[in-house]
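Take a look first, then read on.

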Amino acid sequence: MTTDTTTAEAAAVSAPGETVLDARGVTMRFGGLTAVRSVDLTVNSGEIVGLIGPNGAGKTTFFNCLTGLYIPTEGEVRYKGNVLPAKSFKITATGIARTFQNIRLFSNMTVLENVLVGRHTRTKEGLWSALLRGPGFHRAEAESKARAMELLEFVGLDHKAEHLSRNLPYGEQRKLEIARALASEPGLLLLDEPTAGMNPQETRAAEELIFAIRDKGIAVLVIEHDMRFIFNLCDRVACLVQGEKLVEGTAAEVQGDDRVVAAYLGEPFEGDPGAAEVAEVEAAEAAAAAETTEATTPEATAPAAEATTEDAPAAPGESTSKENDR
Amino acid sequence: MTTTQTTTVTAPAPATPATRGSLLPPHIARATATAGGALTVVSAFLAWTWTSAFPGDLTVYGYPGGLQWLVLVSGALLTLFGLSSYGIKGLNWLTPQGADPAIRLAAYAAFATAWFTIGAISTKLGGAVNLEPGAYVALAATLIGWLGARSLPYERPETSPADPDDSAFDQFKHNLSNRWSVYKGTLATTPAPPAKTLPSYIEILIVAVVLALGLAVFTYGITTEYDQLFIGFLITAGFGFAAIQKAGLIQRVSTLTARHRNVTLVGAFVAAAAFPFTQSDDQYATIGVNILIFATVALGLNIVVGLAGLLDLGYVAFLGVGAYAAALVSGSPTSPLGIQLPFWQAILVGATASMVFGVLIGAPTLRLRGDYLAIVTLGFGEIFRIAVLNLDGTSGPDVTNGSNGISSIPNLTMFGFDFGATHTIAGFTIGRFANYFFLMLLVTLVVVVVFRRSAESRIGRAWVAIREDETAAEAMGINGFRTKLIAFALGATLAGLAGAVQAHVTYTVTPEQYQFAHAVPPNSAFLLAAVVLGGMGTISGPLVGGALLFLIPAKLQFMSDYQLFAFGLALVLLMRFRPEGLIANRRRQLEFHEKDEAPATLTKAGA
């Protein structure tokens, strides 16, 4: 957490090892529901960090907190030492770009136009400039176009620049979304399930693409369900379960962690009546204990949940990843 | 269960002959259609009725009159397409996309126009007894052409018969949709081969000829003197335009205009400016200038609705603000301000006032999306009218003179040129409305340039991005509220420009001119309809839509009672069969008509 970093505006390639993203105690509540509970996460430059967790664990909510779609109820998010503004378009300007879980391209714009829209924060021409069309306007447009074509070439879509983005095949739409995000010259790229719906070849290609993005000096935070993909790709992996960060570490550490396996398979509650019974009994005991000690309910149920996950039979990590492969 | 039944029944369906329902073998059909066309042309030169009581004088042998001209044009079109279908050298260029659909539509045009004309004669003069032999020739000729065109071969699309288990209504619906798909099959075109590259000056010449033709058609439509002729014009123009489009000529021309955009723009304005010179008096220049005002405001609305996707139902209020602001400083004796600014200042005052109102109304409302925005803008439109109505010195401060409005707005004088007087330029008489027509044309030019330049820039892309997906646009760093506010304010400013001219054209501004729905355009409902009808996001779309929406009510006075009904019906039909509008931009054409090419968007349930 250095304070003398370059201004957020620059969003340029940062020195390796520098903390790019620093989320501290991020909590997001929707009414009574706590979707994300006090999650800490740092991403350093030149690093690919994975975020995994079962469906409904709060991964996308956490992403939305990072990109300003939601304002976290508690906690703060810093990008290169500066607290993020509360508006999503300002966050993009500071240097965080994202893709969406369900592809959200501008489907009736061409591929090139999509990327040009991504350049919005890095260009300045307003309405007057557009109406008067001075030399500066033409220069900026030409520059934007050249940069956009470069990015399309980078993701391998330059030959389809004039196609409508809605007419691209699914895998290419994902690529285009990444190119559009890269067009804002981010220091950190957030990818929300970049391989969802892809076949193995496309997934491999996406892997290559993300490595190439990392090599450009852009830090990447990626949500994914495809375990083989995640463990191949990421330097560090964090596992989110029921809104809380369960474990964080290298791919091998997370892969071998029993709690992660249990969270994914949900063994104690499904298909193992014995464990469920144990859990029930323990929950009842905990509740009784809570009554006597006049403790609040969340504190009481937490140890119970802890106990049940530890009771789960430890499946080997390999089988977990197989389970989640497509 | 039902599916298996249908599939078993479907099997014999393709066995039906491809030309079922046709009476003639293909080569005879083609000859018949062409001959029918030629005969139609001849029949237009005959006398159709004995008395000149029917307008247009159809009694002369050897010279067509009135509606006969329209029949002549559609017959000639049919003949030309027919000859072109034989591959006659020199006529091939007429039908790059295949001649048969064009022949069909041209035959419909000839048939509908001729039969309508003769029907109108019989009705007007009281019976078929008033027809001369020429009329029967025309009836027969167009019928022959139609039968020939009907029998042309086409690829019959596969249809499935209705499920006998369905209710009668469902079967009826199914058969109807089958028939519709067969009908569409008869008009299916083959993709045109790439056009030969011509020297640049020839291409520009072609564009010029097309523009001149456009001016001629438009002038003919605007100067039609009686209802029957205008209806005949609509029939011929509608079918004829469809035929030309199916032939692929429109596509050819639009590639040319796209290649020479500036030439086209300049040419179109020269053509428009030539309109008053085709007139001997001011009678139709009035319609011309009103069409321009209406179409220009519609184009301004197209920025808000077509580009930024903000449904604004109170847009006419900005026209009103501009008109009132300009009227207040016009030196009108009923204006409480009592000052007279030169026009360039007045138009700036009008535009600025509209912009200020645009920002004031936009700032609170643009935080809403979709339906809510529409409702709120509708409300603000009414607030404007009622506020103006009440600023009369009794209910509120005296600013607008209430329901009497600001009247006797003096005519403009610029550089010693009196807009109210009739001038003679190079032997042509240019009346008051023609003067304003030229002035308004300048404003239209400004609006067109503003539209084009802003649409093709960073800000224009941001508007379209917001229309497509506001959340994603914000994630790309676009300040949604600010961008929308710019669109709203720009649209308002352009309406204000038009309003400042309108105040002077109409002498008087009253609150009743600026309602949501009203029998006379411009009003918010008609403006929106002009944009939707013409084609959202295009420049020529609102101009064409505006011209049609103004011209049809102005010309067909006899149906003024049913005008809104007919208008609603037309809008429903258009949205059903051509949702992208009369003039579609590439994007929307793809959006509505290439469903099969759209990729399946796989959504995955996830965290």
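In chain B, residues B:Phe318, B:Val321, B:Gly322, B:Ala325 and B:Ala326 of helix H12(B) touch B:Ala346, B:Val349, B:Gly350, B:Ala353, B:Ser354, B:Phe357, B:Gly358 and B:Ile361 of H13(B), where contact means heavy atoms within 4.5 Å. Sorted by type, the residues of this contact come out as nine nonpolar, four polar and no charged. Keep in mind that this is a predicted model, where local features need pLDDT of at least 70, side-chain atom pairs count only at pLDDT 80 or more, and totals for chains, interfaces and linings use all residues. Residues are numbered from 1 along each chain as its sequence is written, chains are lettered from A and ligands numbered from 1 in the order in which they are written, and side-chain values use heavy atoms, with hydrogens and water left out.

**How the two helices cross**
- The axes of H12 (residues 316-328) and H13 (residues 343-365), both in chain B, come within 8 Å and cross at roughly 140 degrees.

- Most residues other than glycine have a negative phi.
- A:Ser38, in strand E2 (residues 33-44) of chain A, has a positive phi near 45 degrees.
- A:Gln242 isn't a glycine either, yet its phi is positive, at about 45 degrees.
- You'll find A:Gln242 in the loop between strands E9 (236-241) and E10 (244-249) of chain A.

**Exposure**
- A:Gln242 is exposed (over 50%), with a relative accessible area of 66%.

Notes. Helices (H or I, at least four residues) and strands (E, at least two) are DSSP runs, numbered from the N terminus. Buried means under 20% relative accessible area, exposed over 50%, partly exposed in between (1.4 Å probe, protein chains only). Axes are lines fitted to C-alpha atoms, for helices over the stretch in contact, and angles run from 0 to 180 degrees between N-to-C directions. Ala, Val, Leu, Ile, Met, Phe, Trp, Tyr, Cys and Pro count as nonpolar, Asp, Glu, Lys and Arg as charged, and the others, Gly among them, as polar.
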